[in-house]
Amino acid sequence: MTIFDGKILCIDLTKKQVKDDYINPDDIQKYIGGRGLAVKILTDNLDPKTDPFSEKNVVVVMSGPLTGLAPASGRCCFASKSPQTGTIFDSNVGGTFGNELRKTGYDAVIIKGKSDTPVYLEITDNCAKLKDATSLWGKTTTETTKTLEKDNMKVACIGPAGENQVLYSSIIIDSSRAAGRGGLGAVLGSKNLKAIALKGTQTIEPVNKHAFRQQYMRFLEILKGHPVTGDSLGRFGTLVLTNPINKHGILPVNNFQKGFYDKAEDISGETMQKYLVKRTGCTLCPIMCGRVANIEGVKTHGPEYESTWALTVQCGHSDVKTLALANNLCNELGMDTISAGSTIGFAMECSQKGLIEEKIEFGDTKIVLELLEKIAYKKDIGALLAQGTKRMAEKLNAEDFAINVKGLELPAYDPRAVKGQALAYMTSNRGACHLRAYMIPQEVLSVPRYLDNLEHKDKARKVRDIENIFAVLDSLIVCKFTTFAVFETFEYETDIYARMLTTATGMYFDESELKKAGERIWNVERLFNIRAGFTKKDDQLPKRFSEPMPEGPAEGEKLNMLKTLEEYYALRGWDNEGIPEERKLMSLEIGINEAWPKRIISLNHESLKEAKKCAGEQLKSGDWMEVASPLVKSCGVAAIKELRQAYPYKTIIADYKTMDTGYMETEIAAQAGADIVTVSSHAGKHTVTDAVGAAKKYHVKIMADLLDSSVERAKELEKLGVDYIRVHDGCMVEAVSKQVKIPVASMDAQEHAKLITCMYTDSPGLPAVRKSTPENEGVWPKLQVALDLRILEEAKKLAFGAKQGNADWLEAGTPLVKSAGMEAVRMLRREHPKSTIVADLKTLSCGSKEVEIAARAGADIIGICGASKDNVLKDAISMAKKCGVKIMADLISIDDPMKRAKELEDMGADYIEFHISVDEQMRSSNAKIPFPLVEKVSKVITIPMGVAGGMRADTAPLAIKSGAKLAVVGGSITRAADPKKATQVILKAIGR
């Protein structure tokens, strides 16, 4: 008995070594099997820039967890780096091979290196041997299969085309099934590996037999009950598509010169039915779409719809006997029928235009058969055609009508009149392919429902969704034809697949997890291609499709797909160049090596509208976005939320410069959508550790702003768990980067910085002048109620209660400012027009701008950090005078409060606040309220001083007695059952 547990056979052809290994169970959960695990193995073991014919290239043969278990699951995949496209590539093939691989006890085979002589690989129950294949070299696939299929062995082999490294050579299974596209047969040929022969005797079992059997029967009923999977595909084979495709005007004729063929009926499924000998199918398949036919005396397998089109209509004829002979030749020689026929069709047009000397005319059936032989052996002009249309076009200057994407020739659907399929061709990770996202059922057959084939609307979403689901099906591995029956709406239901996977493996999957796995696989493939050198320019169709269809039902249709492509990128979470955003990759749990340096676009604006406009103009691939302090304090979390909505997959930094409410502010920013939250290097240990703790809980990161601090402080912050250090003094960048392991950010381009902050600001405006007459102006001591809340409506109610109790000043506390922005100040001004309103901004770096923002909103007093640089303080004080407001300088995190208080007074501050951080208050109650220090500070300054630090009715009088003129009280009032009464109690306690 064998279950899908990730057992792999590792082959080193260079060393002739064979050994067993196992796939990481976490990778099975994330990548499922088949294509998904093959992609993961390739990305872990293969440099994307490797030459596909290098011995360093890797080949993976992979089954899936449903292979040999579920209906229509008799499949496996071969994966490698394609010599035809240069992309990561998997070729999915039916038949019996995948089922037999699992019966040997192995789920996968990984092949590395290169043999110095021809060999083949023989695998039996938990055993493998490399054997000499010298006598097989040069033989056709049928000859090779007959030699190796002794004792009912299942054989995958290459023909002469693979041996000669024709770029679109196939791997042939059971003499008739092909892992056809991408030239993986040539990769095996470059490694001197002629064949793999399998025979297993083990029974393939699901983990939960009873539950799996229930889902098996349900799935079987769905397939048998649908008219496509239960009838037409089995009755007519895939050629059932011929007439509908032709009637839509998208059956490509003569190298896509037109889209309607007047003799299509000659090669339709209905007509070809008369040649049918018997129906065939893959292991456990109820659909049975395979055919064995005798066409005018020529016995052949199929031929399939794509093969039929490529070897007839694409080459300008409908001769069925030539079709049968050509189909057999491709199988015998080991070549992909689509690329072979398309390359011949392209050569015919090149001959038509005089670009090659040889006379190769459309409709010449004899030349088709001759060229197939010449291609396989690279004889005469065959050597040129063996390179495929892309490389031929480069040599002949014929790119405009070389019908390929990323080097892979298009299949049998002209994209001009099927806009969704056009996008699918463009975005396919392996080049032009209908099997990465098959839009034909919807756009032509109205399955599961009608979809306008000529419209662009919503096609980007549908293509993305189907790409994700098809990645899953290729990983399970289950035939994609099953989706004809399974999909009921454009939500593309996958519940039955999830249930079968769960019961087969014991690992839980629901629909969302299944689709997420598909998205993960798609993005990993995309990353491989990007690292291999592919860009947005490669996601394009040939120029021919920008020209109108000349005739037929789709006459006049052409393509302009740029907007749809960009919409697709945005839906994928990729930037405008098609590169996956780091935030998207993190959400998919894809481990990546980050690219440095990065540019941070710092939106140092007051206006959210201007900030969004700037973001749109400045954001490019790899950039992060910063909601800078002025924007945070102007708009609060609204700025983060709107930018997150506009840029769902950009990394967003909330520049909070947290000083005293580390946990709360980090939580506020994370819930709004930020990925990184900044704290000030001046913040106390408790504040930093609380911020780091909240960051871990909410899966965000912490950047510490190194403001007027030392290299030693940077090291301390790293130990406390921050993720990034930002250095404001360019002279310190090198020193800091050498002392810490975490990335260092700089405000300017610096050699040692991994993050460069680029500031973008609003145009300077004229400051508003406050003209209100606050109440109780000359009355001392005063009570200032700190609304350190995060919900504006709650703050509004508490402010009303405090004012009923005769509180003097109302403070929009730092968390409230960072949550609601200046709307908090505006609300307090509207509700209490004559009261003194304090905006506790704790400004650290944008003095004049933040003071102006608060003054415009209606604040009378603006709180800034005394730890700020002197130039920031002077700018703030200067702007306060212009605006008619006052400055309260906070002594939080000051080592020598007496000295700094005197300096602040001399600079022009109007008030001093002696402040113990909220985080420290919560940890140490009143133990740190520095009444002796308050008394000392009060003796060196003449301006009023306030004290904040857990003030209550019993401690506020002590602060006043020590020299303070202002008691700043938060929780004792805002958390009281009756804020009005609590306010009156504290006023009475301080002598009011």
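Biologist: What makes E905 and K902 a salt bridge, and where do the two residues lie?

Modeller: Both sit in helix α37 (residues 897-907), three residues apart, about one turn of the helix. A salt bridge requires a side-chain nitrogen of Lys or Arg within 4 Å of a carboxyl oxygen of Asp or Glu. The closest N and O atoms of E905 and K902 are 3.9 Å apart, so the pair meets that 4 Å limit.

Biologist: What should I keep in mind about the model itself?

Modeller: This is a predicted model, in which local features need pLDDT of at least 70 and side-chain atom pairs count only at pLDDT 80 or more, while totals for chains, interfaces and linings use all residues. Residues are numbered from 1 along each chain as its sequence is written, and side-chain values use heavy atoms, with hydrogens and water left out.

Biologist: Why is E905 called buried, and what is K902 called?

Modeller: Buried means under 20% relative accessible area, exposed means over 50%, and partly exposed is in between (1.4 Å probe, protein chains only). E905 has 12%, so it counts as buried. K902, with 36%, is partly exposed.

Biologist: Which residues belong to a network of salt bridges?

Modeller: Salt bridges that share partners link R35, D90, R436, D474, K480 and E525 into one network. By the 4 Å rule, the count comes to 72 salt bridges.

Biologist: What makes K16 and D116 a link between parts that are apart in sequence?

Modeller: Their side chains meet in a salt bridge at 3.2 Å, N to O. K16 lies in the loop between β1 and β2 (17-22), D116 in the loop between β6 (108-112) and β7 (119-124), so the pair ties together parts 100 residues apart in sequence. K16 is partly exposed at 37% relative accessibility, whereas D116, at 66%, is exposed.

Biologist: Why is helix α21 described as mostly covered?

Modeller: Nine of the 11 residues in α21 (residues 495-505) are buried, among them I496, Y497 and M500. A helix is a DSSP run of H or I with at least four residues, a strand a run of E with at least two, both numbered from the N terminus. The buried residues of α21 pack against α7 (209-224), α19 (459-476), α20 (483-486) and α22, where contact means heavy atoms within 4.5 Å. Just after α21, G506 takes a positive phi of about 85°.

Biologist: How do you know that β13 and β14 pair?

Modeller: Two strands pair if DSSP finds at least two bridges between them.

Biologist: What makes β13 and β15 the edge strands?

Modeller: The open sheet has the order β13-β14-β15, with antiparallel pairing. β13 (276-280) and β15 (298-301) each pair on one side only. The twist averages 15° from one strand to the next. Helix α12 (residues 320-333) packs on this sheet, touching β14 and β15, and its direction makes about 55° with that of β15. Such angles run from 0 to 180 degrees between N-to-C directions, with axes fitted to C-alpha atoms, for helices over the stretch in contact.

Biologist: What share of the protein is buried?

Modeller: Buried residues make up 63% of the 992 residues, in a protein with 42 helices and 33 strands.
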